[in-house]
Amino acid sequence: KVFRFKRGGLSLLSRFQDMNPGRQIVTEGGPIQENVSKNAKNMEDDPVFSVDGDLAFNWAYSNNGARIALSDGNLSPADTNDDNTHGLGNHFACNPLTGENTDPQWAHEISNIQNCPYPSCTRVQMQGTDHGSGPHLISGPVYGNYAIY
């Protein structure tokens with residue numbers, strides 16, 4: 001997917017450093033281009049390709065955050081601790097406004113791939129094995145590669 005930023009002239013670094021207050025919808029009009037391989041798998045759960053809308057950056061909520069999510073997916077309210085914003089660069093049990101980890105067993109940097117809100121969900125499937133040791137996080141398939149530039 002290719003998106004057009006609402007405001008040009010900013011580097012990705014400056015956009016990702018803008019964590020406080022964060023929670024910004026940074027593109028408009030949805031994707032201007034989309035190309036998906038005919039051999040792509042797991043499209044129904046993919047945190048980018050299964051969701052429409054615009055890019056949301058630095059989506060902080062309770063003690064969690066997602067660096068990149070899509071606006072038509074679940075964007076958890078700021079005071080809701082449901083571990084359920086699906087995206088890239090998820091981090092649980094942290095101060096999402098500073099990036100500081102508060103509990104290493106919940107550290108996570110890729111994506112949850114199912115609609116499974118905490119605390120009602122006891123088995124949250126993650127993409128791959130790059131996740132903390134939290135008791136309800138389970139490894140899942142790796143979908144592919146994402147390029148952000």
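**Close-up views of a predicted protein chain**

**View 1. Strands β3 and β4 side by side.** Strand β3 (residues 64–70) pairs with β4 in the antiparallel sense over 4 bridges; two strands count as paired if DSSP finds at least two bridges between them. Look for Ala66, which stands opposite Asn90 in β4. This is a predicted model, in which local features need pLDDT of at least 70 and side-chain atom pairs count only at pLDDT 80 or more, while totals for chains, interfaces and linings use all residues. Residues are numbered from 1 along each chain as its sequence is written, and side-chain values use heavy atoms, leaving out hydrogens and water.

**View 2. Strand β4 under cover.** Strand β4 spans residues 87–91 and is mostly covered, with 5 of its 5 residues buried. Buried means under 20% relative accessible area, with a 1.4 Å probe and protein chains only. Across the protein chain, buried residues make up 42% of the 149 residues.

**View 3. The order of helix and strands.** The protein chain has 1 helix and 8 strands, and along the sequence they follow the pattern α-β-β-β-β-β-β-β-β. Helices (H or I, at least four residues) and strands (E, at least two) are DSSP runs, numbered from the N terminus.

**View 4. Contacts within the chain.** Of the contacts between residues at least 6 apart in sequence, 47% join residues at least 24 apart. A contact here means heavy atoms within 4.5 Å. For scale, the C-alpha trace of the protein chain spans about 40 × 40 × 20 Å along its principal axes.

How values were computed:
Buried means under 20% relative accessible area, exposed over 50%, partly exposed in between (1.4 Å probe, protein chains only).
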